[in-house]
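The following note sets out some points for a colleague who has the model at hand.

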Amino acid sequence: MNNIEIQKLEELLKTVFDFTKKQSQKFIFNIFKSSSEDIDQICNQIKALRNSIKKCNICNRYNENTICNICLDTNRTKQLMLVGNSLDIDKFENIGLYKGKYFVFDQNISLKNEDFIVSSLLEKLIDILKDKNELILSLSPTIEGQFNMHYIKKFLKNKINFTNVFQLSTGIPLGSSVEYIDQDTLKESLLNKIKM
Ligand SMILES: [Zn+2]
């Protein structure tokens with residue numbers, strides 16, 4: 001079917017949610033099958049969810065509060081783990097091996113132009129590291145992720161006196177995302193973290 005409304009929705013799903021063509025088609029087919037009451041309910045629930053979620057002021061994790069429960073937890077170690085998104089925090093929390101805090105670095109660094117969001121993230125990171133004794137860079141080992149980790153390590157070297165920087169071991173296949181790695185592999189790569 002080649003309908004203008006389908007095209008518009010497909011475009012939105014792609015740009016906003018990063019849906020593949022196949023995911024969009026499945027989603028749109030489900031809309032055909034749904035009643036308008038169902039669609040209203042879903043739209044309202046999406047809005048309600050969006051309005052209830054905030055970014056933690058300290059670590060940038062999506063949660064219900066301005067400061068998340070992990071940042072408020074005084075029993076955490078002085079380690080900091082840099083992750084690519086909030087979902088990765090849940091992944092590491094489920095393993096139960098890591099007891100430090102987190103920082104969500106959800107931007108890609110570009111050398112081409114000065115990026116205000118990236119600069120403020122880096123400044124925030126420096127500030128948080130002041131009372132930490134270890135940093136574990138756990139961004140996904142994609143090309144962008146690896147570049148970001150090297151850039152951050154280099155950036156920190158010139159800014160603060162901080163030597164304990166690690167990254168996850170190569171147990172994680174290159175090009176893959178932390179999000180899709182099984183728990184055992186992730187556990188291994190955390191246990192065998194490499195000094196950068
Ligand atoms: Zn937090």
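1. In this predicted model, strand β3 (residues 79-83) pairs with β4 in the parallel sense, over four bridges. Met81 has Tyr102 as its bridge partner in β4.

2. Is strand β4 (residues 101-104) covered on its faces or uncovered? Both faces are covered: Lys101 and Phe103 are buried on one side, and Tyr102 and Val104 are buried on the other.

3. The largest nonpolar core has 26 residues, of which Met81, Leu82, Val83, Tyr102, Phe103 and Leu137 touch the most other members. Two or more residues each are given to this core by β3, α5, β4, α6 (116-129), β5 (134-137), α7 (143-159) and α8. The largest share, four residues, is that of β3. In soluble globular proteins, nonpolar side chains tend to be buried together.

4. Tyr102 deserves a separate entry. Leaving aside residues up to four places away in sequence, Tyr102 touches Cys59, Arg61, Ile70, Met81, Val83 and Ile89.

5. A UniProt record, an unreviewed entry, places the feature "zinc finger region: C4-type" at residues 56-71. In the model, the chain over residues 56-71 is 19% helix and 12% strand, and its end C-alpha atoms lie 8 Å apart. The annotation may be inferred rather than shown by experiment.

6. Most residues other than glycine have a negative phi. Asn60, although not a glycine, has a positive phi of about 70°; Asn60 is found in the loop between β1 (54-55) and β2 (62-63). Asn60 is classed as partly exposed because 19 other C-beta atoms lie within 10 Å, whereas a residue needs 20 or more to be buried.

7. Asp18 is found in the loop between α1 (4-17) and α2 (21-33). Why does Asp18 count as exposed? Asp18 has 8 C-beta neighbours inside 10 Å, and a residue with 12 or fewer is exposed.

8. Finally, Glu188 lies in helix α8 (residues 183-191) and is partly exposed, with 15 other C-beta atoms within 10 Å. Glu188 and Ile95 are separated by 93 residues in sequence, yet their C-alpha atoms are 10 Å apart in space.

Key: Residues numbered from 1 in each chain as written. Predicted model: local features only at pLDDT ≥ 70, side-chain atom pairs only at ≥ 80, totals over all residues. Pairing = 2+ DSSP bridges. Core = buried A, V, L, I, M, F, W, Y, C linked by C-beta atoms within 7 Å. Contact = placed C-beta atoms within 7 Å.
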